[in-house]
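Have the structure open and follow along.

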Amino acid sequence: MPKFAANLSFLFTEVPFPERFARAAAAGFTGVEYLFPYDWPAHEVAQWLQSADVEQVLFNLPPGDWAAGERGLACLPQRQGEFAESVEQALDYAMVLDCERVHCLAGLRPAGCDEAMLETTFVANLRHAADRFATIGATVMIEPINSRIDMPGYWLDDVGKGFRLLQAVDRSNVKLQLDLYHAQIIQGDLARTIEANIGDIGHVQIADNPGRHEPGSGEIHYPFLFELLDRLGYTGWVGCEYKPQTTTEAGLGWLRR
Ligand SMILES: O=C(O)C(=O)CO
């Protein structure tokens, strides 16, 4: 079975964020991920990790003004200075949290902007981020996210485009974060996609479809995909980024099975 990380932005939300680390550990998780740590000083987050004895698996670079609807900066031509600052902030946190993976949100497609310009900006920004994170041995993830249900207007909303962008960025520490829930909505054909691209996949996330709930609640046959990841020698983490149907604890039956 792969290693599972609890996504603390989705799971254990019954308790305040600092308490979720211990809850995840008590439920048997040895790794955690979440969207953003920036509301808390890095050394405090490090203490929560340490006292729960869990590994920091992944978090996201600052996304711009999330509350105002922004969903990342990496493709935005007018925001390259801010992107570079966001890389430094995430790097500081990654060092303190001893985290080997960060996810770089691409951003929403700006109106009236040429596709080639967005791609040029994205590639330049990713190369910059990759080179900065290489100094601590960390990998930068890019993630295709569906723009039909969950993130309307998201620029990186195609799985094939994600793998093509990896080639364009051409840095060994940039990999694809394959969220199987988003991939199912975008295109399906999950097993073949994993098999054809396993060497470029640096992180996996899961939820079932429809509803983005626990594995087993929908149409995706996760036991088959977990066996496939094992058979292909995937040694990375699988992040549990789903919305529990009732409570987090009640929804962990799929993991015990
Ligand atoms: O929305 C998602 O799927 C994300 O992983 C955002 O980081």
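## Helix 1 on helix 2

Helix 1 makes a right-handed crossing as it passes helix 2. Keep in mind that this is a predicted model. Helix 1 covers residues 17-26 and helix 2 covers residues 42-52; their axes sit 9 Å apart, at an angle of about 20 degrees. Angles under 35 degrees count as roughly parallel, so helix 1 is roughly parallel to helix 2.

Who does the touching? On the helix 1 side you'll find Phe17, Pro18, Phe21, Ala22 and Ala25, and they meet Val45, Trp48, Leu49 and Ala52 of helix 2.

## The buried side of helix 1

Which residues of helix 1 are buried? They're Phe17, Arg20, Phe21 and Ala24. These residues lie on the same side of helix 1, because they cover an arc of only 105 degrees around the axis.

What do the buried residues of helix 1 pack against? Strand 1 (3-7), strand 2 (31-33) and helix 2. Just after helix 1 comes Gly28, with a positive phi of about 105 degrees.

## Helix 7 on helix 8

Further along, helix 7 (residues 190-197) packs with helix 8 (residues 222-231) at an angle of about 10 degrees, with 11 Å between their axes. That angle is why helix 7 counts as roughly parallel to helix 8.

Helix 7 brings Leu190, Ala191, Ile194 and Glu195 to the contact, while helix 8 brings Phe224, Leu225, Leu228, Leu229 and Arg231. In the contact of helix 7 with helix 8, 7 residues are nonpolar, none are polar and 2 are charged.

Definitions and conventions. Residues numbered from 1 in each chain as written. Predicted model: local features only at pLDDT ≥ 70, side-chain atom pairs only at ≥ 80, totals over all residues. Heavy atoms only, no water. Axes fitted to C-alpha atoms, helices over the stretch in contact; angles between N-to-C directions. Helix = DSSP H or I, 4+ residues; strand = E, 2+ residues; numbered from the N terminus. Parallel < 35°, antiparallel > 145°, perpendicular 65-115°, else oblique. Contact = heavy atoms within 4.5 Å. Nonpolar A, V, L, I, M, F, W, Y, C, P; charged D, E, K, R; others polar. Left-handed = near helix turned anticlockwise from the far one by under 90°. Buried < 20%, exposed > 50% of the residue type's maximum accessible area, 1.4 Å probe, protein only. Arc of directions from axis to C-beta.
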